[in-house]
Amino acid sequence: MRRAHGKILFIDLRDRSGVLQVVFVPSNKEVYDLAEQLRPEWVVEITGQIVKRPEKMINPKIETGQVEMSAETLKILSKAETLPFSIEDSGYEINEEIRMKYRYVDLRRERIKNNLIVRHKVIKFMREFLDKEGFIEIETPMLTKSTPEGSRDFIVPARLQPGKFFALPQSPQQYKQLLQVAGVEKYFQVARCLRDEDPRGDRQTEHTQLDMEMSFVEQEDVINLTERLFITFIKNLYPNKKIQQIPFPRLTYKEAMEKYNSDKPDIRKDKNDPNLLAFCWVVDFPFFEKDDDGKWTFTHNPFSSPQPQFMDSLLAKKDIAKILTAQYDIVLNGFEVGGGSIRNHRPEALEAVFEIMGYKKEEIREKFGHMLDAFSFGAPPHGGIAPGIDRILMILQNEPNIREVIAFPKTGDARDLMMDAPSEVSKKQLEELHIKIDAPKNKSEKSAKKNKK
C-alpha cells in the first residue's frame, strides 16, 4: 500500500514477520521517482535506516508502530497483477473456490499465515514432548497394500507389476504395530493419512495425525500420556484457553449415547465461550455392529483387542453383540480429535475378528497374512492413539473448518483447483500402466438401449 503526505511517500512493507512503514523523501530523487511507481503486492528490496516515528505518527495497533524505515535504496524485484481478492480482511466472505484456486495469494492473509505458524509450533512441541518421553520418530511407507480398514483406499497402479496396485495408507496402523513386533516399544510419526471418502468441514481426503504406538501398555497408560501431552501443549502455546476439567472426564459409550445422543458429546458448560476447552474420553465401545447388509463389522478398528473379560467370547465367536473393545476416543468440544485402542497381539484373536466379519480363512491369509506371521514370532502387548492435528488446530484457532489450518487443502468436493487436480493423464501413461479407460456412455446411447428393451 502506497500513501502520500505532502511530498513524502509512505509504503507498508510486508514480510513473514509483519509490516513495516517505509518512508521515501524527494531529496533522494532516483529512489523517490522509482517509489512513485510502486503498486500493491510488488516484490521489492529496500535498504535504509530504522528510525523512531514522529510522536503524531505512532501506530499502537501494530508491533512496529513506533518505528519506520527511512529508505536509501529501492530495487523492484517483481511486479504484481491486481489480486483476485483482498487479503486485508479475514477472507471468510470470499467464495471458497476462488480462494482455493489462488491459494498462494490467500496464504498471504495474516490469519492464515498465523494458523500455519501456530501449526508449526504445535507439531514442534509435540515432537519435543514425545522425544523426552523416550519415543522414536519413524517414517512408514506411503505405498502399501490395500486392506479393509474402514474407508475406501486410494489405489496406485504398479507399472512394473501390471495389473497390480499399491494403496496409499489410510493410516500407518499396520506398520506401527509391526514396529512394536520389531521391538521399537515407543514409536511416533506426524503421519499423512489418505482416505477416499466424502469430505466434511472437519475432514479431508488427506489429513495429518500424530500417530503413536507403545508396547507393554494398558488403556490407562495411553490415556494418561495423551492427557499430559494435551494439557502441557495447551498450557504452553494457548495460555488464554481454559480446560474445563482435569483430569478429563470419562464417559462410557452407553452413557454418552443415553445422555447426549452422540459418541462425541460437547460437554462445555458455556458453549458461547470460545476459549473454553471441554475434553472428555469415551470408552467401552461395542466391538462389532451390523452393517447395511446385516453382517458384522468393526465399529472402529479391526486390529483392536476386546476387553480382557470378552476375549473368550471373541475366540469362541459367541455373544458377539455384547463384546466390548479396548477402544478409547478423545473428544473436544463435540469433535472426535483422536482415537486408539489396545491391539490384538495374538494371531488367533486377530483371525477371530475377521472370521466374525465373514472372511474365509484363505481371504484372511491373503489380506492379513503378514500380520498373522509377524504375531507368530512373538509380539508384545501394545496399544496406541492417533490425535488428528488438523481438527485439533481448527478448534484451538476457532476456525469453522480444517481447510483454514491446512496450507493447500482440497475443496469440499475433494478437488485441488489451484493444480487442477484430479485431472486426466496421457494415453502413453495409461498404456505404460496397462490401464484402459471406458468412455462414459452418453444420454442418447442409454436411451437407445432402454428403447430396445
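## Cysteines

Cys193 is buried, at 0% relative accessible area (buried means under 20%, exposed over 50% and partly exposed in between, with a 1.4 Å probe and protein chains only). Cys280 is buried too, with a relative accessible area of 0%. Searching the whole structure turns up zero disulfides, a disulfide being a pair of cysteine sulfur atoms within 2.5 Å.

## About the model

This is a predicted model, where local features need pLDDT of at least 70 and side-chain atom pairs count only at pLDDT 80 or more, while totals for chains, interfaces and linings use all residues. Residues are numbered from 1 along each chain as its sequence is written, and side-chain values use heavy atoms, leaving out hydrogens and water.

## Helices H5 and H10

Helix H5 (residues 173-181) and helix H10 (residues 361-376) have axes that come within 10 Å and cross at roughly 20°. H5 is therefore roughly parallel to H10 (angles under 35 degrees count as roughly parallel, over 145 as roughly antiparallel, 65 to 115 as roughly perpendicular and the rest as oblique).

From H5, the contact (heavy atoms within 4.5 Å) involves Gln174, Gln177, Leu178 and Val181, which meet Phe368, His370, Met371, Ala374 and Phe375 of H10.

## Helices H4 and H11

Helix H4 (residues 110-132) packs with helix H11 (residues 389-396) at an angle of about 125°, their axes being 11 Å apart. H4 and H11 are therefore oblique to each other. Val118, Arg119, Val122, Ile123 and Met126 of H4 make the contact with Ile389, Asp390 and Leu393 of H11.

Definitions and conventions:
Axes fitted to C-alpha atoms, helices over the stretch in contact; angles between N-to-C directions. Helix = DSSP H or I, 4+ residues; strand = E, 2+ residues; numbered from the N terminus.
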